[in-house]
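Morning, everyone. Please have a look at the model on the screen, and I will walk you through it.

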Amino acid sequence: MNSYLKATSVALMLCAWAVSLPSGAQTDAGAAADLQQVVVGATRTAQPLDRTGSSISVITADGLDQRQIVAVTDVLAQIPGLTVSRNGGQGQSTSLYIRGAEPGESLVLIDGIRINDPSAPDGSAVLGDLLSNNIARIEVLRGPQSTLYGSDAIGGVVNILTQRGGPSPFAARVQAQGGSFDSYEFNAAANGTNGALEYGGAINYYDTGGISAADERNGNHEPDGYLNLGATANLRLHMGEILSVDLRGFYLRSRTEIDGYPPPSYTFQDDPEFGQNYLRAGYAGLNASLFDGHLSQRIAVVASAAERRFFGLFDPVTFAFTPAENFYASGNATRLEYQGVLEAGSANELSFGAERELTTLSTDSLPDPANAPIRGRDHVTGYYGEWQSTLARVLTLTGGVRYDDDNEFGSHTTVKLAAAWQLFDGGTILRANYGGGFKAPTLYQLFSPYSNPSTALKAETSDGFEAGADQLLLDRRLRASLTYFHRHEQNEIDFNDCFAGSDPNCALRPFGYYYNVGRLRVSGYEAELAAKLGHALNAWVNYTNMQPIDTTTGLQLARRPHISANVGLTWTPRAGRSLGASLGYVGARFDDAANTIPLGRTATVNLDASYALSAHLQLFARVENVFDDLAEPVFGYGAIPRGYFGGLRLTL
């Protein structure tokens, strides 16, 4: 029996087990919950999930611990509607597709700080370097969300919140693990509440010898290592009953060995190139709670600086690589935010705010003096308002509007409408949501040598809606959800490589240029089942059936599968002890927009276990890719083979 059939057999057994036993609800692997849980991503205020009308998945700290997650994208890949594409092993370039949206069309936040890189050609987030470090919860909001979040939120929003505060003045955790591919990790974190101060912080170090980024089965045997150092800080100081101050910080530094196209063959293969990434970000905010909490206000300054550098130059004289720098890119963002929340009674809430952001770009290819450095900057100002009202305690209606004024592409208005109707004492939720989205052209698309020579780029725009239902059964121990979604996008920015044809713009841009051409349609449905199987057993299943179509060509969007599914089962007989199994299935798809390079389906099975040695010390271990599925995640790149890992976790 081949690895795919073995993995499929495991999936069928888990599905059968999940459906046949008494069940209960959960939002992530190993964390039981119901629709009453509070989320903040949908309205940027704390709201019960059953009132948002939106599709939101929540991953808790317990879920991350139980799954022993190292890279955040590994758990995002288990969420319905999400696809993760990584060019080889840990630390390599990683893309996230939320409901078929391009990687740069989804927003990623850490404690309110945007980590989308202004210097990246598509403005996508720094996901390959994002490791699990002192995370309290992750909320994934699917569908267009530009009304509250502005540009970059066509596909959705990933909102990551780190640990802060707690019931005691001091709590700490130290974790160390290691395993296959010469991998090891060390993490130390602390949090607590001491008088008027709530705090949390952590430092994380990860090192792996890695695998060859270029597929080893094509004769590439040089492993590409990866090193990551990250830190987070999250503080709140209460200055009386009215005012409080928030200070937050995020830092990462990484080094990744990569593969390329060295001479003389110029085919994708092993070579000694490497890259270094840096990200520094901070948040300073002042909060005011007035009129017995009925009016809350927040003003904050948020700043981030991202930098990417690549090293490795081929010397035609010595016919060898030198470690000289060949490219750098840096992007900075400074953002001023104001938000107010007015509670007009217990059933009505008005959120309103204004934001102004400056982004800058600096990039250059070295050491060729003919390549002039690229510089660019842009200002955008946005204003938004959203009203939420609950009628007769069962029907919640939400409406919002946003206006953005961008120095480069002009103005844009988006709206949002949502409804959630609770039936049968909250056991059934009917929900619907309509939202607009837009993405401004990136600084690289506007100011690089590949900018459009004749026409100003327009913003990418989208309109999307969803309708769904959540049903709680068996004394709320089982939750079933079904959601239909549809999104239409226009003015998609594409790249004309100028290799063929008689386009007059190619005389000015012989190596290609960006232009508005694309129109696409993404529709499908997501089905979820989460169950609490008796006292100690939890199970979850999700299935996504999606049609991501480029309506200009009629072809399927690259790297987005028609079918994907995830199954998980966790047994926790007592605190500190667990056994778990999961399967992630990604269906066949194409690596390119022309649909000429197929990518095979993948089925990855993981096992995990933990055992409490004492009240404060826990031993854990896992096996990843149990059946050694080596289907290429991206054409020419290798998949991470079977790996064994283990470690210790100390809590104080």
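I will take the cores, then a pocket, then the disulfide. Keep in mind that this is a predicted model.

Start with the largest nonpolar core. It has 31 residues. Which of them touch the most other members? They are Leu-76, Val-108, Leu-130, Ile-138, Val-158 and Ile-160. Several elements each supply at least two residues of this core, among them helix H3 (72-76), strand E8 (106-110) and strand E11 (156-162). Strands E16 (243-257), E17 (274-290) and E18 (295-315) are also on that list.

Zoom in on Val-108. Leave aside its neighbours within four places in sequence. Val-108 is then in contact with Leu-130, Val-158 and Ile-160, among others. Its contacts also include Arg-114 and Asn-116.

There is a second, separate core of 13 residues. Val-39, Ala-42, Leu-49 and Val-58 belong to that one.

Now the second largest pocket. Its space is about 1,200 Å³. The lining counts 43 residues. Which lie closest to the centre? Val-40, Arg-44, Arg-236, Arg-248 and Arg-298 do. Strand E19 (320-343) gives the most to the lining, with six residues. Sorted by class, the lining has 17 polar, 15 charged and 11 nonpolar residues.

Last stop, the disulfide. The structure holds one. It joins Cys-498 to Cys-506, with S to S at 2.0 Å. Are these two cysteines buried or exposed? Both Cys-498 and Cys-506 are buried. The torsion about their S-S bond is about -85 degrees, so the disulfide is left-handed.

Note on methods:
Residues are numbered from 1 along each chain as its sequence is written. This is a predicted model: local features need pLDDT of at least 70, side-chain atom pairs count only at pLDDT 80 or more; totals for chains, interfaces and linings use all residues. Side-chain values use heavy atoms; hydrogens and water are left out. A nonpolar core is a set of buried Ala, Val, Leu, Ile, Met, Phe, Trp, Tyr and Cys residues joined through side-chain atoms within 4.5 Å. Buried means under 20% relative accessible area, exposed over 50%, partly exposed in between (1.4 Å probe, protein chains only). Helices (H or I, at least four residues) and strands (E, at least two) are DSSP runs, numbered from the N terminus. Contact means heavy atoms within 4.5 Å. On a 1 Å grid over the protein atoms alone, a cavity is a set of points where a 1.4 Å probe fits but cannot get out, and a pocket is an open set with protein on both sides within 12 Å along at least five of seven lines; lining residues have an atom within 4 Å of a point. Grid points are joined across faces, edges and corners, and a volume is the space filled by probe spheres set on the points. Ala, Val, Leu, Ile, Met, Phe, Trp, Tyr, Cys and Pro count as nonpolar, Asp, Glu, Lys and Arg as charged, and the others, Gly among them, as polar. A disulfide is a pair of cysteine sulfur atoms within 2.5 Å.
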